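Dear colleague,

I am passing this structure on to you. Please look through the sequence and the model first; my notes follow below.

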Amino acid sequence: MNTQEILEKQKKYLWPNHLLYYTEPMPLDHGDGLYVWDTDNNKYLDFFAGILTTSVGHNHPKVTERVREQVGKLIHSSTLYPNENHVNLAEKIAEIAPGDLQTSYFTNSGTEADETAVILAKAYTGRQEVIALRHGYSGRSAIGMSLTGQAPWRIGGTQYPGIKHALNPYCYRCPLKLTYPECGVACAEDIEDLIRTTTSGQIAAFIAEPIQGVGGFITPPKEYFKIATDIVRRYGGLFICDEVQTGFGRTGDKWFGIEHWDVEPDIMTMAKGIANGLPMGNTITTEAIAQGIVDKGATISTFGGNPVSTAAALATIEVMEEEANPAHIAQVGARLREGLDQFKDKYPLIGDVRGMGLMQGVELVKDRQTKEPAPQEVVFLFEETRRRGLLIGKGGLYGNTIRIAPPLTATNAHVDEALAILDHALAAVHELS
Ligand SMILES: Cc1ncc(COP(=O)(O)O)c(C=O)c1O
């Protein structure tokens with residue numbers, strides 16, 4: 001099928017509210033490592049990795065081979081039957097997860113992983129209220145959309161009861177109009193007020209991403225999670241850490257983002273990069289919490305722990321250990337960050353550069369003084385980078401943040417290639433605006 005035929009069928013048979021990137025949407029045809037090709041055979045360096053998902057690059061031969069092998073053996077079993085890949089993956093994740101997190105429940109997406117985490121926290125504590133963060137993103141189910149702290153992602157105004165949104169640690173646009181570090185991380189302290197004034201005081205959980213992904217790679221100060229989780233635990237709540245974007249080495253140096261803040265979650269969710277693109281979510285918790293709900297009802301998942309997805313995940317983690325471990329990600333990420341920081345000196349359009357490892361955000365503003373968001377410039381930048389063969393992502397409540405997150409197998413050479421394209425594209429946008 002040619003590009004036009006695909007776009008026509010997309011328009012005719014798929015919901016019109018699918019968010020599509022680029023003025024003229026681009027069907028992708030095939031990929032190899034850090035590169036993808038569209039249906040007109042244009043080649044792109046992929047610095048968004050299918051929304052931070054293709055951890056070890058497109059069609060990594062080891063992942064592909066393991067998937068092929070498993071497809072020829074057994075595609076599906078359901079969670080009614082134990083399976084070798086399922087238990088081995090759970091064991092592997094328990095080895096790399098922080099603290100006492102040891103017991104997994106596999107599902108099929110980040111949404112399901114978060115929903116499962118909230119159900120677990122409610123069942124364990126016997127409480128119903130949950131604290132989430134403004135600008136956060138938790139998925140597209142009823143609970144997921146209600147946890148999400150961004151109006152555009154709550155289709156039809158979906159609201160699930162018992163969820164309250166705390167101020168987020170958005171230092172560039174401090175919700176309290178304060179400046180770090182003199183602020184004393186007052187946004188975290190405010191969680192206590194939120195609990196005391198808007199809940200029964202009996203909360204089940206606090207859910208937060210170490211770095212807010214869809215929110216535009218908003219990166220909390222180093223004291224944030226200790227203050228926030230101390231408060232939450234004082235009120236009997238569990239800490240659910242959403243590692244859907246930050247997990248599996250993405251932030252560099254550590255396997256999971258929260259480890260940078262020296263805080264241990266009670267429950268952690270993961271998805272996206274876990275299986276290099278095969279659908280999977282996981283909700284991991286401590287043995288004590290998992291044991292605490294055994295008499296609260298049984299649970300099944302038709303596709304959870306699927307033999308093919310788990311084979312892909314096992315291969316993905318193996319490849320990461322060989323080619324893209326957290327130390328590699330930190331090193332390549334530092335080079336990317338250095339380049340982006342230099343662009344900030346060069347282009348007044350850039351208001352803020354933030355993130356960790358290979359998860360770097362660039363917020364565009366019309367004026368550094370007023371910080372007025374520049375979403376239209378992001379649209380221009382998308383077209384300019386596309387024209388030059390680079391795929392990037394965007395995010396943020398104001399649609400003005402570029403998200404840069406290549407496969408974790410990216411090398412210094414890939415980073416240099418991306419920075420060179422970005423430099424030219426930023427210069428072109430600078431001319432236009
Ligand atoms: C932090 C976070 N949690 C949950 C989700 C939902 O994941 P999925 O789209 O796989 O359902 C996302 C998706 O972007 C996410 O970024």
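The buried residues of helix H13 are His414, Val415, Ala418, Leu419, Ile421, Leu422, Ala425, Leu426, Ala428 and Val429; buried means under 20% relative accessible area, exposed over 50%, and partly exposed in between (1.4 Å probe, protein chains only). Helices (H or I, at least four residues) and strands (E, at least two) are DSSP runs, numbered from the N terminus. An α-helix has 3.6 residues a turn, so residues three or four places apart point the same way. H13 covers residues 412-432, and its end C-alpha atoms are 30 Å apart, in agreement with the 30 Å that its 21 residues should span at 1.5 Å a residue. That expected span is 1.5 Å times one less than the number of residues.

The model is predicted: local features need pLDDT of at least 70 and side-chain atom pairs pLDDT 80 or more, while totals for chains, interfaces and linings use all residues. Residues are numbered from 1 along each chain as its sequence is written, and side-chain values use heavy atoms, with hydrogens and water left out.

Next, a sheet. Four strands form an open sheet in the order S1-S2-S3-S13, with mixed pairing; two strands pair if DSSP finds at least two bridges between them. Strands S1 (28-32) and S13 (390-391) stand at the edges with a single partner strand each, so one side of each has no neighbour in the sheet. S3 (residues 43-46) and S13 run parallel and are joined by 2 bridges. Asp46 has Leu391 of S13 as its bridge partner.

Gln245 is in the loop between strand S8 (238-242) and strand S9 (267-270). Gln245 is buried, with a relative accessible area of 7%. Its side chain makes a polar contact of 3.4 Å with that of Arg403; such a contact is a pair of N or O atoms within 3.5 Å, where within protein one must be able to donate a hydrogen and the other to accept it, and residues adjacent in sequence count only if both atoms are side-chain atoms.

Tyr105 is in strand S4 and is partly exposed, with a relative accessible area of 22%. Tyr105 and Phe47 are 58 residues apart in sequence and 30 Å apart in space, C-alpha to C-alpha.

Regards
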